[in-house]
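This report goes through a few parts of one protein model. Please keep the sequence and the structure in view while reading.

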Amino acid sequence: MIRVCALYRFATFPDPAALRKPLLAVAEAHGIRGTLLLANEGINGTIAGTHDGIEALLAHIRTLPGCADLDYKDSTAEAMPFHRMKVRLKREIVSMGVDGIDPTREVGTYVGPAEWNALIADPRTVVIDTRNDYEVAIGTFDGAVDPGTKSFRDFPAWFRDHRDELLAGKTRVAMFCTGGIRCEKATAFLKAEGVEDVFHLDGGILKYLETMPAEESRWNGECFVFDARVAVGHGLAPGSHALCHGCRMPVSPEDRASPLYVEGVSCPACHGTRDAERLAAYAERHRQERLAAARGEAHVGARFASPDDARDEPHKG
C-alpha cells in the first residue's frame with residue numbers, strides 16, 4: 001500500500017523560494033510524488049510514497065520556520081496516485097485573495113469530531129460548507145449552507161452579500177472543509193469581518209469520516225479528495241465516484257450510466273462544451289493511458305488534483 005499524506009501549516013516564510021530546492025531534493029531522494037505549495041504564509045500539499053520516505057520528508061518540513069507542529073492526515077492507496085513531484089511557489093497556499101488575513105494571528109475555535117454533531121445540531125448555529133459547488137454536490141453535513149461557489153476566492157464576496165440572512169437569528173457560525181486549511185482562512189476572515197463566535201471542524205471532513213462511526217454520523221454522501229481516489233466515505237473507504245478526464249469533475253455511478261458519458265472524454269456536466277478536436281485529443285490520451293496501464297506503467301499525461309487549489313488555481317496536482 002502507498003502512504004498518502006495531506007499536510008498544511010500556516011507559518012511565516014520570509015523567503016519561500018529558498019526552501020523550494022532543498023524540499024524537492026529530499027522528496028526526490030526518497031521517491032516521493034505529489035505537490036507541495038510554498039508561500040510567505042506557509043506550506044500546503046499532498047504527497048505519496050513509502051512510509052519511511054514520507055517520514056523523511058515530514059522530518060524535513062518540521063525543520064522549516066514555524067512547522068514543528070505540522071498538521072497532516074494519512075490515508076492509503078493501492079497504487080501511486082501521482083506521477084511526479086512538484087514544489088510550487090504561490091502567493092497563497094490556499095487562495096482567498098483578501099489581503100491581511102493571517103490564520104497565525106487569529107482563527108475560529110477548533111471543534112473536534114466528537115463535539116461537532118452537537119454544535120451543528122444546535123438551532124443557534126449556522127453551518128457553512130466552505131468548499132466549492134462540485135465538492136458539495138457529492139456530499140455535505142446535515143443542514144449545511146452551500147455557498148455555490150466555483151472558487152474559494154468567491155467566498156469572501158458571497159459572505160458579505162449574504163451576511164445578514166446567514167446570521168439572522170443565529171449566535172454562532174460553524175464552518176468545515178476537506179482537511180481544515182480553507183476553514184482556517186475562512187474563520188480568520190469572519191473574525192476580521194467582526195463575527196465573534198466562529199468555529200471550525202478540526203481536521204476537516206477527512207478526520208470526521210475517519211473517526212466518527214457511520215451510525216452516529218451527520219455526514220451525507222461522499223467527500224471529494226484531490227487525488228486518484230476521487231472520493232472517500234466513512235472510514236476513508238474508497239467512494240463510488242470517478243473523475244471526468246474532460247472537465248476534471250466527479251462523476252457518480254448514475255452519471256456514468258448516462259449516454260452523455262464517454263470514459264476518458266466527457267460526462268453529462270461537460271457534454272457539448274468541447275469541440276471535435278479537443279474531444280479527439282481526450283480520446284487519444286485515454287487510449288494511451290489504457291495502453292500504459294496494460295503494460296504496468298504510469299502514463300505521464302494523466303493528471304490528478306491535490307488539495308484545495310486544483311480548481312482555484314489550475315492545475316495544482
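## Two crossing helices

Helix H3 (residues 113-121) and helix H7 (residues 204-211) have axes that come within 9 Å and cross at roughly 105 degrees. H3 is therefore roughly perpendicular to H7, because angles of 65 to 115 degrees count as roughly perpendicular. The model is a predicted one.

On the H3 side, the residues that meet H7 are Pro 113, Trp 116 and Asn 117. Their counterparts in H7 are Lys 207, Tyr 208 and Thr 211. Sorted by class, this contact of H3 with H7 has three nonpolar, two polar and one charged residues.

## The sheet

Strands of a sheet pair through backbone hydrogen bonds, either parallel or antiparallel. Here five strands form an open sheet with mixed pairing, in the order E4-E1-E3-E2-E5. Strand E4 (71-77) and strand E5 (85-89) are the edge strands, and each pairs on one side only. On average, neighbouring strands of this sheet are turned by 10 degrees against each other, direction ignored.

Strand E1 (residues 2-10) pairs with E4 in the antiparallel sense, over seven bridges. Val 4 has Ser 75 in E4 as its bridge partner.

## A helix across the sheet

Helix H2 (residues 51-62) lies across E1, strand E2 (33-39), strand E3 (42-49) and E4. H2 runs at about 10 degrees to E1.

## A pocket

The second largest pocket has a volume of about 340 Å³. Its lining consists of 14 residues, and those nearest its centre are Ala 77, Glu 78, Ala 79, Ala 228 and Arg 229. By class, the lining of this pocket has nine nonpolar, three polar and two charged residues.

How values were computed:
Residues numbered from 1 in each chain as written. Predicted model: local features only at pLDDT ≥ 70, side-chain atom pairs only at ≥ 80, totals over all residues. Heavy atoms only, no water. Pairing = 2+ DSSP bridges. Helix = DSSP H or I, 4+ residues; strand = E, 2+ residues; numbered from the N terminus. Axes fitted to C-alpha atoms, helices over the stretch in contact; angles between N-to-C directions. Contact = heavy atoms within 4.5 Å. 1 Å grid on protein atoms, 1.4 Å probe; cavity = no way out; pocket = protein on both sides within 12 Å on 5 of 7 lines; lining within 4 Å. Points joined across faces, edges and corners; volume = space filled by probe spheres on them. Nonpolar A, V, L, I, M, F, W, Y, C, P; charged D, E, K, R; others polar. Parallel < 35°, antiparallel > 145°, perpendicular 65-115°, else oblique.
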